[in-house]
Amino acid sequence: MVQITFKKNPVTLPNKEVKVGEQAPEFTVLSTGLEPVTLQDTAGKIRLVSVVPSLDTGVCSDQTKRFSEEAASLGDDVEVLTISADLPFAQKRWTEINKVDAITTLSDHRDLSFGEAYGVTMQELRLLARSIFVIDGNDKIAYVEYVPEGTDHPDYEKALNAVKELTN
């Protein structure tokens, strides 16, 4: 079971850990236009899924901007998704203010479908734990990082290298 802290305090996650080589769990989240989005909506693509607690915080904002900056260099076969429990309206506002348009922001606010399936719902906070998942075109998990301290940055280079390995 994954154990993490948020601001140095332990948090409770679902008793679920996604591992490399497993089939990626299905989920339903909402687009900024309030449309349902599932894993199958990006079928056949490599997905870099960047999970953040809230776009309105420094590390989450930086993480999302960093992956947006890298998105174009990853190629047309790669979708970069940022998932948080922020409301879709807040995500849309954040992307417009920050001029981030190379990635897709998705909200897990409604029922925490992604958070529960991937084991990243911080139960005490009803936010998602910082994590990265790379899913190949056949919906297999190729890379996983559950960031041990929720206020720390993920390992950007390892995540990007995992995507690049799949595109070669």
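Let me begin with what Thr64 touches: leaving aside residues up to four places away in sequence, Thr64 touches Val52, Leu55, Thr82, Trp94 and Ile103, where contact means heavy atoms within 4.5 Å. This is a predicted model, in which local features need pLDDT of at least 70 and side-chain atom pairs count only at pLDDT 80 or more, while totals for chains, interfaces and linings use all residues. Residues are numbered from 1 along each chain as its sequence is written, and side-chain values use heavy atoms, with hydrogens and water left out.

Thr64 is found in helix α1, residues 58-71; helices here are DSSP runs of H or I with at least four residues, strands are runs of E with at least two, and both are numbered from the N terminus. Thr64 is buried, at a relative accessible area of 0%, and for that word the cut-off is under 20%, with exposed meaning over 50% and partly exposed in between, using a 1.4 Å probe and protein chains only. The side chain of Thr64 also reaches the backbone oxygen of Cys60, at 2.9 Å.

Let me turn to the aromatic rings. Rings of Phe, Tyr and Trp, the last by its six-membered ring, pair if their centres lie within 6.5 Å, and planes under 30 degrees apart count as stacked, over 60 as edge-to-face and the rest as tilted. By this rule the count comes to seven aromatic pairs. In one of them, Phe114 and Tyr118 have ring centres 4.2 Å apart and planes at 10 degrees, so this pair is stacked. Phe114 and Tyr118 are four residues apart in helix α3, residues 113-118, which separates them by about one helical turn. Phe114 is buried at 0% relative accessibility, and Tyr118 is buried with a relative accessible area of 0%.

Phe114 also pairs with Phe133, and here the centres are 5.9 Å apart and the planes at 75 degrees, so the pair is edge-to-face. Because Phe114 lies in helix α3 and Phe133 in strand β10, residues 131-135, this pair ties together parts that are 19 residues apart in sequence. Phe133, too, is buried, with a relative accessible area of 0%. Ring pairs link Phe27, Phe114, Tyr118, Phe133 and Tyr146 into a cluster.

Now to the charged side chains. A search of the whole structure finds five salt bridges, each being a side-chain nitrogen of Lys or Arg within 4 Å of a carboxyl oxygen of Asp or Glu. Which residue forms a salt bridge with Asp139? The partner is Arg47, and the closest N and O atoms are 2.4 Å apart. This pair links distant parts of the chain, with Arg47 in strand β5 and Asp139 in the loop between β10 and β11 (141-146), 92 residues apart. Both Arg47 and Asp139 are buried.

Another salt bridge joins the side chains of Arg66 and Glu157, at 2.5 Å from N to O. Here again distant parts of the chain are linked, since Arg66 is in helix α1 and Glu157 in helix α4, residues 156-167, 91 residues apart. Arg66 is partly exposed, with a relative accessible area of 22%, and Glu157 is partly exposed as well, at 43%. Salt bridges that share partners join Arg66, Glu70 and Glu157 into one network.

I will finish with a backbone detail. Lys99, which is not a glycine, has a positive phi of about 55 degrees, whereas most residues other than glycine have a negative phi. Lys99 is found in the loop between α2 (88-98) and β7 (104-107), and is exposed, with a relative accessible area of 71%.

Terms used
A polar contact is a pair of N or O atoms within 3.5 Å; within protein, one must be able to donate a hydrogen and the other to accept it, and residues adjacent in sequence count only if both atoms are side-chain atoms.
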